[in-house]
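Work through these exercises with the structure in view. Each task is followed by a worked solution.

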Amino acid sequence: MARKSSWEWSRTAQTRQSMLMAAREVFGEHGFAEANVSEVVARAGSSVGSLYHHFGGKTELFLALYEDHQAAHEEAAAASVSRAKQAGVDDPVELLIAGARAYLAGAWERRDLVRLFIDGDGPPGFELVRRTRGREWVRQNAVLLGAGADPLDRFTVAALTSIIGEAAREVATSDTENDAHDVIEAAMTLIRRLDPLRVLAEG
């Protein structure tokens, strides 16, 4: 089988991205259940056959949109933590806060998607996908904080992760960017006040 040229790969990526952008609009307006594949492809300037070729169907399209959204969160958070480390920050809590700030900034930038995935309907099995992703997020934060495996450590990290998650919900439903900024600062203040390193050390 002949390899695709770079132009063909670029066109394929562009088609996929156009469909994801159209899906973001349509799912955001109608939710998953009421969204229509024909409306997605019409906005993307594509065809139903092309959508099924790239994604397999409406469920897979929704999940691909979710995975792209989560990947953007993770990349921004990881880059922010890396920059903080390069600047000489070595306090695990401050590194967590650096990542959380980037995560919450993304929640404002993509607030339509946050609202869709937190409060909207989704395809069968989506709740399991969300929970699995949440557990992985807790695991990553545990590594960053140097948490152990005992119940207190696990619960502490889960609670901190939940604070960030709830802050994302509040950010996404804020009326203005200034309101969202205030939520982010309140969440960072709360994390510092909880003094998680002390709790983890005592555990």
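**Exercise 1.** Are H4 and H7 roughly parallel or roughly antiparallel to each other?

*Solution.* The model is predicted: local features need pLDDT of at least 70, side-chain atom pairs pLDDT 80 or more, while totals for chains, interfaces and linings use all residues. Residues are numbered from 1 along each chain as its sequence is written, and side-chain values use heavy atoms, without hydrogens and water.

Take helix H4 (residues 58-86) and helix H7 (residues 126-145). Helices are DSSP runs of H or I, at least four residues, numbered from the N terminus. Axes are lines fitted to C-alpha atoms over the stretch in contact, and angles run from 0 to 180 degrees between N-to-C directions. The packing angle is about 10°, with the axes 12 Å apart. Angles under 35 degrees count as roughly parallel, over 145 as roughly antiparallel, 65 to 115 as roughly perpendicular and the rest as oblique. H4 and H7 are therefore roughly parallel.

**Exercise 2.** Classify the ring pair of Tyr66 and Phe117.

*Solution.* Rings of Phe, Tyr and Trp (its six-membered ring) pair if their centres lie within 6.5 Å; planes under 30 degrees apart are stacked, over 60 edge-to-face, the rest tilted. Here the centres are 5.1 Å apart and the planes at 80°, so the pair is edge-to-face. Tyr66 lies in helix H4 and Phe117 in helix H6 (residues 111-119), so the pair ties together parts 51 residues apart in sequence.

**Exercise 3.** Classify the pair of Phe117 and Phe126.

*Solution.* The centres are 6.0 Å apart, with 50° between the planes. This pair is tilted.

Notes
Helices (H or I, at least four residues) and strands (E, at least two) are DSSP runs, numbered from the N terminus.
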